[in-house]
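Please look at the sequence and the model first.

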Amino acid sequence: SYNSRITGVGSYVPPQIYKNSDIEEMMDTSNEWIIQRTGIEQRHWVDENTSTSDLALEASKIAIKDAGLEASDIDMIVFATLSPDHDFPGTGCFLQAKLGIEDVTAFDIRQQCTGFLYGLSMADKFVQSGSHKNVLVVGAEVHSKGLDKTPNGRAVSVLFGDGAGAVVVSRTEVKDKTKDPHIMTTNLHADGSYAKELWVAAPGSAVGPDRMSHALVDEGLHFPFMNGKTVFVHAVKRMAETLMLSCKEMGVGIEDVDLFLFHQANLRINSKVAEVLKIPEDKIFNTIQKYGNTTAATIPLGMHDAIKANKLKKGMLVASAAFGSGFTWASGLWRY
Ligand code: ACO
(Lines give C-alpha, C1' and ligand atoms only; values in the text may rest on other atoms or scores of the structure.)
Protein backbone atom coordinates (compact mmCIF):
# COMPACT_ATOMS: atom_id res chain seq x y z
CA SER A 1 0.00 0.00 0.00
CA TYR A 2 0.97 3.66 -0.31
CA ASN A 3 1.60 6.41 2.24
CA SER A 4 0.43 10.01 2.30
CA ARG A 5 1.87 13.26 3.57
CA ILE A 6 0.83 16.88 3.87
CA THR A 7 2.59 18.70 1.03
CA GLY A 8 0.80 22.05 1.05
CA VAL A 9 -0.93 24.26 3.62
CA GLY A 10 -3.00 27.43 3.19
CA SER A 11 -5.52 29.56 5.03
CA TYR A 12 -7.67 32.62 4.63
CA VAL A 13 -9.78 34.80 6.90
CA PRO A 14 -12.04 37.62 5.73
CA PRO A 15 -10.59 41.10 6.41
CA GLN A 16 -13.28 42.49 8.71
CA ILE A 17 -12.40 42.07 12.42
CA TYR A 18 -15.00 42.22 15.21
CA LYS A 19 -13.44 42.84 18.60
CA ASN A 20 -15.20 41.83 21.79
CA SER A 21 -16.08 45.51 22.24
CA ASP A 22 -18.01 45.37 18.94
CA ILE A 23 -19.98 42.36 20.23
CA GLU A 24 -20.72 44.26 23.46
CA GLU A 25 -22.74 46.65 21.32
CA MET A 26 -24.93 43.84 19.96
CA MET A 27 -25.69 41.87 23.12
CA ASP A 28 -25.33 41.85 26.88
CA THR A 29 -21.79 40.56 27.21
CA SER A 30 -18.39 41.93 28.13
CA ASN A 31 -14.83 41.77 26.90
CA GLU A 32 -13.81 40.47 30.36
CA TRP A 33 -16.39 37.63 30.34
CA ILE A 34 -15.43 36.47 26.85
CA ILE A 35 -11.67 36.57 27.49
CA GLN A 36 -11.90 34.96 30.90
CA ARG A 37 -14.27 32.15 29.87
CA THR A 38 -12.94 31.42 26.38
CA GLY A 39 -9.72 33.30 25.58
CA ILE A 40 -11.31 34.93 22.52
CA GLU A 41 -10.30 38.56 21.86
CA GLN A 42 -11.65 39.02 18.34
CA ARG A 43 -13.05 37.14 15.35
CA HIS A 44 -13.26 37.73 11.58
CA TRP A 45 -16.72 37.90 10.03
CA VAL A 46 -17.50 38.07 6.30
CA ASP A 47 -19.37 40.78 4.43
CA GLU A 48 -22.75 39.96 2.96
CA ASN A 49 -21.42 38.91 -0.44
CA THR A 50 -18.94 36.29 0.79
CA SER A 51 -19.70 32.59 1.19
CA THR A 52 -17.93 29.56 2.63
CA SER A 53 -16.61 28.42 -0.76
CA ASP A 54 -15.16 31.92 -1.36
CA LEU A 55 -13.03 31.61 1.80
CA ALA A 56 -12.16 28.02 0.87
CA LEU A 57 -11.02 29.08 -2.60
CA GLU A 58 -8.44 31.52 -1.21
CA ALA A 59 -7.09 28.98 1.30
CA SER A 60 -7.01 26.25 -1.36
CA LYS A 61 -5.07 28.35 -3.87
CA ILE A 62 -2.36 28.94 -1.26
CA ALA A 63 -2.22 25.25 -0.25
CA ILE A 64 -2.04 24.03 -3.86
CA LYS A 65 0.76 26.48 -4.65
CA ASP A 66 2.60 25.49 -1.47
CA ALA A 67 2.42 21.87 -2.64
CA GLY A 68 4.02 22.91 -5.93
CA LEU A 69 0.94 21.81 -7.86
CA GLU A 70 -1.70 23.25 -10.18
CA ALA A 71 -5.40 22.99 -9.39
CA SER A 72 -5.70 20.46 -12.23
CA ASP A 73 -3.37 18.09 -10.33
CA ILE A 74 -5.96 17.68 -7.56
CA ASP A 75 -7.92 14.45 -7.99
CA MET A 76 -10.14 14.66 -4.91
CA ILE A 77 -11.73 17.42 -2.81
CA VAL A 78 -12.85 16.69 0.75
CA PHE A 79 -14.78 19.64 2.12
CA ALA A 80 -15.51 19.86 5.84
CA THR A 81 -18.10 22.45 6.84
CA LEU A 82 -21.23 22.92 8.93
CA SER A 83 -22.04 26.18 7.15
CA PRO A 84 -22.35 25.14 3.50
CA ASP A 85 -22.99 27.63 0.68
CA HIS A 86 -26.36 25.93 0.14
CA ASP A 87 -28.26 22.93 1.58
CA PHE A 88 -27.19 20.95 -1.47
CA PRO A 89 -25.13 20.20 -3.47
CA GLY A 90 -22.10 19.93 -1.24
CA THR A 91 -19.80 22.92 -1.03
CA GLY A 92 -16.96 20.76 -2.40
CA CYS A 93 -18.69 20.95 -5.78
CA PHE A 94 -18.93 24.74 -5.64
CA LEU A 95 -15.23 24.89 -4.76
CA GLN A 96 -14.38 22.55 -7.62
CA ALA A 97 -16.11 24.89 -10.08
CA LYS A 98 -14.35 27.94 -8.63
CA LEU A 99 -10.98 26.18 -8.88
CA GLY A 100 -11.81 25.25 -12.47
CA ILE A 101 -11.01 21.56 -12.00
CA GLU A 102 -12.79 19.33 -14.49
CA ASP A 103 -13.12 15.71 -13.40
CA VAL A 104 -12.56 15.12 -9.72
CA THR A 105 -13.96 13.19 -6.76
CA ALA A 106 -15.65 15.70 -4.43
CA PHE A 107 -17.61 15.26 -1.24
CA ASP A 108 -18.51 17.07 1.97
CA ILE A 109 -17.93 16.00 5.54
CA ARG A 110 -20.53 16.91 8.15
CA GLN A 111 -18.57 16.42 11.34
CA GLN A 112 -18.47 20.01 12.64
CA CYS A 113 -15.41 20.78 14.79
CA THR A 114 -14.04 17.32 14.08
CA GLY A 115 -14.61 17.70 10.34
CA PHE A 116 -11.06 18.53 9.34
CA LEU A 117 -9.55 15.48 11.03
CA TYR A 118 -12.27 13.26 9.53
CA GLY A 119 -11.38 14.78 6.15
CA LEU A 120 -7.66 14.31 6.65
CA SER A 121 -8.31 10.68 7.51
CA MET A 122 -10.39 10.18 4.36
CA ALA A 123 -7.62 11.73 2.28
CA ASP A 124 -4.99 9.51 3.88
CA LYS A 125 -7.07 6.39 3.32
CA PHE A 126 -7.88 7.14 -0.33
CA VAL A 127 -4.20 7.83 -1.01
CA GLN A 128 -3.19 4.66 0.84
CA SER A 129 -5.56 2.66 -1.35
CA GLY A 130 -3.79 3.89 -4.48
CA SER A 131 -6.95 5.33 -6.06
CA HIS A 132 -5.99 9.01 -5.56
CA LYS A 133 -2.71 10.94 -5.53
CA ASN A 134 -3.35 14.56 -4.55
CA VAL A 135 -6.26 15.28 -2.24
CA LEU A 136 -7.34 18.77 -1.24
CA VAL A 137 -8.76 18.77 2.29
CA VAL A 138 -10.58 21.94 3.26
CA GLY A 139 -12.16 23.15 6.48
CA ALA A 140 -14.13 26.34 5.94
CA GLU A 141 -16.92 28.15 7.73
CA VAL A 142 -19.09 31.22 7.54
CA HIS A 143 -20.70 31.20 10.97
CA SER A 144 -21.50 34.86 11.18
CA LYS A 145 -24.52 34.65 8.89
CA GLY A 146 -26.12 31.90 11.02
CA LEU A 147 -25.70 33.34 14.50
CA ASP A 148 -28.34 34.97 16.67
CA LYS A 149 -26.92 38.48 17.00
CA THR A 150 -29.79 39.69 19.19
CA PRO A 151 -29.38 39.84 22.99
CA ASN A 152 -30.76 36.24 23.15
CA GLY A 153 -27.73 34.90 21.31
CA ARG A 154 -24.89 35.70 23.66
CA ALA A 155 -24.28 32.16 24.94
CA VAL A 156 -23.25 30.98 21.47
CA SER A 157 -22.69 33.96 19.20
CA VAL A 158 -19.65 35.37 20.98
CA LEU A 159 -17.77 32.13 20.32
CA PHE A 160 -17.73 31.69 16.55
CA GLY A 161 -15.68 33.20 13.74
CA ASP A 162 -15.38 32.79 9.97
CA GLY A 163 -12.34 31.40 8.17
CA ALA A 164 -10.85 28.65 6.05
CA GLY A 165 -7.86 26.35 6.04
CA ALA A 166 -6.72 23.83 3.44
CA VAL A 167 -4.07 21.19 3.02
CA VAL A 168 -2.95 19.04 0.12
CA VAL A 169 -2.38 15.39 1.00
CA SER A 170 -0.21 13.60 -1.56
CA ARG A 171 1.20 10.16 -2.16
CA THR A 172 4.69 9.76 -0.75
CA GLU A 173 7.34 7.12 -0.32
CA VAL A 174 8.19 6.20 3.26
CA LYS A 175 11.39 4.31 3.96
CA ASP A 176 11.83 5.18 7.61
CA LYS A 177 8.50 5.15 9.47
CA THR A 178 9.88 7.16 12.37
CA LYS A 179 11.66 9.89 10.38
CA ASP A 180 10.04 10.35 6.97
CA PRO A 181 7.20 12.87 6.68
CA HIS A 182 3.83 11.11 6.45
CA ILE A 183 0.46 10.77 8.11
CA MET A 184 1.03 8.05 10.69
CA THR A 185 -2.46 7.49 12.04
CA THR A 186 -5.91 8.99 12.52
CA ASN A 187 -8.61 7.87 14.94
CA LEU A 188 -12.23 8.88 14.43
CA HIS A 189 -15.07 8.61 16.94
CA ALA A 190 -18.75 9.53 17.40
CA ASP A 191 -21.47 9.19 20.03
CA GLY A 192 -24.82 10.28 18.63
CA SER A 193 -26.61 9.94 21.96
CA TYR A 194 -25.35 13.49 22.62
CA ALA A 195 -26.45 14.85 19.23
CA LYS A 196 -28.83 17.42 20.70
CA GLU A 197 -26.35 18.87 23.20
CA LEU A 198 -24.91 20.95 20.35
CA TRP A 199 -26.95 21.29 17.19
CA VAL A 200 -29.13 23.26 14.83
CA ALA A 201 -32.64 21.78 14.70
CA ALA A 202 -33.98 23.35 11.51
CA PRO A 203 -34.19 23.11 8.58
CA GLY A 204 -34.64 19.36 8.66
CA SER A 205 -36.93 16.45 7.83
CA ALA A 206 -37.50 15.74 11.53
CA VAL A 207 -39.04 19.09 12.43
CA GLY A 208 -42.59 18.70 11.11
CA PRO A 209 -44.52 18.76 7.87
CA ASP A 210 -42.15 21.31 6.32
CA ARG A 211 -38.36 21.31 6.51
CA MET A 212 -38.47 25.02 7.26
CA SER A 213 -41.33 27.33 8.11
CA HIS A 214 -41.92 30.76 9.55
CA ALA A 215 -42.91 29.10 12.83
CA LEU A 216 -39.54 27.33 13.09
CA VAL A 217 -37.72 30.58 12.40
CA ASP A 218 -39.89 32.44 14.93
CA GLU A 219 -38.87 29.85 17.54
CA GLY A 220 -35.21 30.39 16.61
CA LEU A 221 -34.71 26.73 15.73
CA HIS A 222 -32.40 27.68 12.86
CA PHE A 223 -29.86 29.05 15.38
CA PRO A 224 -27.24 26.81 16.99
CA PHE A 225 -28.04 25.53 20.49
CA MET A 226 -25.31 24.40 22.84
CA ASN A 227 -25.21 22.94 26.31
CA GLY A 228 -21.79 24.49 26.96
CA LYS A 229 -20.96 22.80 30.25
CA THR A 230 -21.68 19.26 28.99
CA VAL A 231 -19.70 19.90 25.82
CA PHE A 232 -16.78 21.24 27.85
CA VAL A 233 -16.49 18.20 30.14
CA HIS A 234 -16.74 15.70 27.29
CA ALA A 235 -14.30 17.66 25.13
CA VAL A 236 -11.52 17.49 27.72
CA LYS A 237 -12.06 13.79 28.40
CA ARG A 238 -12.39 12.67 24.78
CA MET A 239 -9.57 14.77 23.32
CA ALA A 240 -7.13 13.44 25.91
CA GLU A 241 -8.39 9.88 25.37
CA THR A 242 -8.09 9.84 21.59
CA LEU A 243 -4.70 11.58 21.64
CA MET A 244 -3.36 8.86 23.90
CA LEU A 245 -4.85 6.25 21.58
CA SER A 246 -3.04 7.65 18.52
CA CYS A 247 0.24 8.00 20.43
CA LYS A 248 0.09 4.49 21.91
CA GLU A 249 -0.76 3.00 18.53
CA MET A 250 2.42 4.50 17.04
CA GLY A 251 4.61 3.92 20.10
CA VAL A 252 5.04 7.66 20.55
CA GLY A 253 5.25 9.37 23.94
CA ILE A 254 3.68 12.76 24.63
CA GLU A 255 7.23 14.08 25.13
CA ASP A 256 8.18 12.97 21.58
CA VAL A 257 5.57 15.26 20.00
CA ASP A 258 6.97 18.59 18.78
CA LEU A 259 3.71 20.48 18.31
CA PHE A 260 0.09 19.97 19.34
CA LEU A 261 -2.57 21.39 17.03
CA PHE A 262 -5.85 21.24 18.94
CA HIS A 263 -9.28 22.32 17.88
CA GLN A 264 -9.98 25.86 19.07
CA ALA A 265 -13.26 25.95 21.00
CA ASN A 266 -12.02 27.32 24.29
CA LEU A 267 -8.56 28.12 25.64
CA ARG A 268 -9.58 26.51 28.94
CA ILE A 269 -10.42 23.19 27.23
CA ASN A 270 -6.93 23.06 25.72
CA SER A 271 -5.28 23.99 29.04
CA LYS A 272 -7.18 21.17 30.77
CA VAL A 273 -6.10 18.66 28.12
CA ALA A 274 -2.51 19.88 28.58
CA GLU A 275 -2.86 19.46 32.33
CA VAL A 276 -4.28 15.92 32.08
CA LEU A 277 -1.59 14.75 29.63
CA LYS A 278 1.26 16.83 31.14
CA ILE A 279 1.88 18.67 27.88
CA PRO A 280 4.03 21.81 28.28
CA GLU A 281 1.79 24.75 27.29
CA ASP A 282 4.40 26.11 24.87
CA LYS A 283 4.00 23.02 22.69
CA ILE A 284 0.34 23.86 22.03
CA PHE A 285 -0.33 26.33 19.23
CA ASN A 286 -3.53 28.27 19.95
CA THR A 287 -5.20 30.76 17.63
CA ILE A 288 -8.63 31.15 19.22
CA GLN A 289 -7.62 34.57 20.60
CA LYS A 290 -7.53 35.93 17.02
CA TYR A 291 -10.18 33.90 15.24
CA GLY A 292 -12.69 32.55 17.77
CA ASN A 293 -14.00 29.07 17.04
CA THR A 294 -14.00 28.48 13.28
CA THR A 295 -15.04 24.80 13.74
CA ALA A 296 -13.77 22.75 10.76
CA ALA A 297 -11.24 25.46 9.88
CA THR A 298 -9.42 25.72 13.23
CA ILE A 299 -6.79 23.03 12.70
CA PRO A 300 -5.61 23.87 9.15
CA LEU A 301 -5.82 27.59 10.01
CA GLY A 302 -3.62 26.95 13.05
CA MET A 303 -1.27 24.82 10.98
CA HIS A 304 -0.71 27.63 8.50
CA ASP A 305 -0.25 30.23 11.23
CA ALA A 306 2.23 27.93 13.02
CA ILE A 307 4.25 27.60 9.81
CA LYS A 308 4.24 31.36 9.29
CA ALA A 309 5.33 31.87 12.93
CA ASN A 310 8.12 29.32 12.40
CA LYS A 311 6.65 27.12 15.16
CA LEU A 312 5.91 24.28 12.73
CA LYS A 313 8.89 23.20 10.68
CA LYS A 314 9.47 20.39 8.21
CA GLY A 315 10.29 17.16 9.98
CA MET A 316 8.37 17.96 13.15
CA LEU A 317 6.06 15.42 14.76
CA VAL A 318 2.56 16.88 15.06
CA ALA A 319 -0.32 15.58 17.17
CA SER A 320 -3.81 16.89 16.62
CA ALA A 321 -7.16 16.41 18.36
CA ALA A 322 -10.65 17.82 18.05
CA PHE A 323 -14.06 17.51 19.66
CA GLY A 324 -17.42 18.81 18.59
CA SER A 325 -21.05 18.41 17.76
CA GLY A 326 -22.25 14.86 17.18
CA PHE A 327 -20.64 14.30 19.60
CA THR A 328 -17.67 13.57 17.36
CA TRP A 329 -14.02 13.56 18.23
CA ALA A 330 -10.79 12.54 16.53
CA SER A 331 -7.02 12.62 16.69
CA GLY A 332 -4.16 12.33 14.26
CA LEU A 333 -0.40 12.02 14.28
CA TRP A 334 1.83 13.03 11.40
CA ARG A 335 5.38 14.00 10.62
CA TYR A 336 5.29 17.23 8.64
N1 ACO B 1 -21.55 37.06 28.10
C2 ACO B 1 -21.80 37.26 29.41
N3 ACO B 1 -22.35 36.34 30.18
C4 ACO B 1 -22.66 35.16 29.63
C5 ACO B 1 -22.44 34.89 28.26
C6 ACO B 1 -21.86 35.91 27.50
N7 ACO B 1 -21.58 35.75 26.19
N8 ACO B 1 -22.85 33.64 27.99
C9 ACO B 1 -23.31 33.13 29.14
N10 ACO B 1 -23.21 34.04 30.13
C11 ACO B 1 -23.56 33.91 31.56
C12 ACO B 1 -24.57 32.81 31.78
O13 ACO B 1 -25.88 33.30 31.61
C14 ACO B 1 -24.26 32.42 33.21
O15 ACO B 1 -24.88 33.35 34.08
P16 ACO B 1 -25.52 32.86 35.49
O17 ACO B 1 -24.36 32.30 36.25
O18 ACO B 1 -26.08 34.13 36.03
O19 ACO B 1 -26.53 31.84 35.10
C20 ACO B 1 -22.76 32.61 33.33
O21 ACO B 1 -22.40 33.49 32.27
C22 ACO B 1 -21.99 31.32 33.19
O23 ACO B 1 -22.43 30.63 32.03
P24 ACO B 1 -21.95 29.18 31.67
O25 ACO B 1 -22.61 28.74 30.41
O26 ACO B 1 -22.06 28.30 32.87
O27 ACO B 1 -20.39 29.48 31.39
P28 ACO B 1 -19.21 28.49 31.16
O29 ACO B 1 -18.14 28.80 32.09
O30 ACO B 1 -19.67 27.07 31.05
O31 ACO B 1 -18.70 28.97 29.73
C32 ACO B 1 -18.76 28.28 27.43
C33 ACO B 1 -19.54 28.85 28.60
C34 ACO B 1 -17.67 29.27 27.09
C35 ACO B 1 -19.69 28.13 26.26
C36 ACO B 1 -18.14 26.94 27.83
O37 ACO B 1 -19.10 26.12 28.42
C38 ACO B 1 -17.56 26.19 26.64
O39 ACO B 1 -16.59 26.61 26.05
N40 ACO B 1 -18.10 25.00 26.32
C41 ACO B 1 -17.57 24.17 25.25
C42 ACO B 1 -17.80 24.75 23.89
C43 ACO B 1 -17.31 23.76 22.84
O44 ACO B 1 -16.35 23.03 23.02
N45 ACO B 1 -17.98 23.65 21.74
C46 ACO B 1 -17.62 22.60 20.82
C47 ACO B 1 -17.26 23.07 19.57
S48 ACO B 1 -18.55 23.82 18.71
C49 ACO B 1 -19.09 22.75 17.45
O50 ACO B 1 -18.76 21.59 17.35
C51 ACO B 1 -20.10 23.32 16.56
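Which residue in strand 13 is the bridge partner of T186? The partner is G332. The model is predicted: local features need pLDDT of at least 70 and side-chain atom pairs count only at pLDDT 80 or more, whereas totals for chains, interfaces and linings use all residues. Residue numbers start from 1 along each chain, as its sequence is written.

**Sheet**
- Four strands form an open sheet in the order 8-13-12-11, and the pairing is mixed; strands (E, at least two residues) and helices (H or I, at least four) are DSSP runs numbered from the N terminus, and two strands pair if DSSP finds at least two bridges between them.
- Strand 8 (182–190) and strand 11 (259–262) are the edge strands, each pairing on one side only.
- On average, neighbouring strands of this sheet are turned by 10° against each other, direction ignored.
- Strand 8 and strand 13 (residues 328–335) run antiparallel and are joined by 8 bridges.

**Helices across the sheet**
- Helix 5 (residues 115–129) lies across strand 8, strand 12 (317–324) and strand 13, at about 130° to strand 8; contact means C-beta atoms, placed from the backbone, within 7 Å, and angles run from 0 to 180 degrees between N-to-C directions of axes fitted to C-alpha atoms, for helices over the stretch in contact.
- Helix 8 (residues 228–249) lies across strands 8, 11, 12 and 13, running at about 35° to strand 13.

**Ligand shell**
- The ligand is surrounded by 22 residues, counted when the C-beta atom, placed from the backbone, lies within 6 Å; the closest are T29, C113, G228, A265 and G324.
- Helix 8 gives the largest share of the shell, 5 residues.

Conventions. Contact = placed C-beta atoms within 7 Å.
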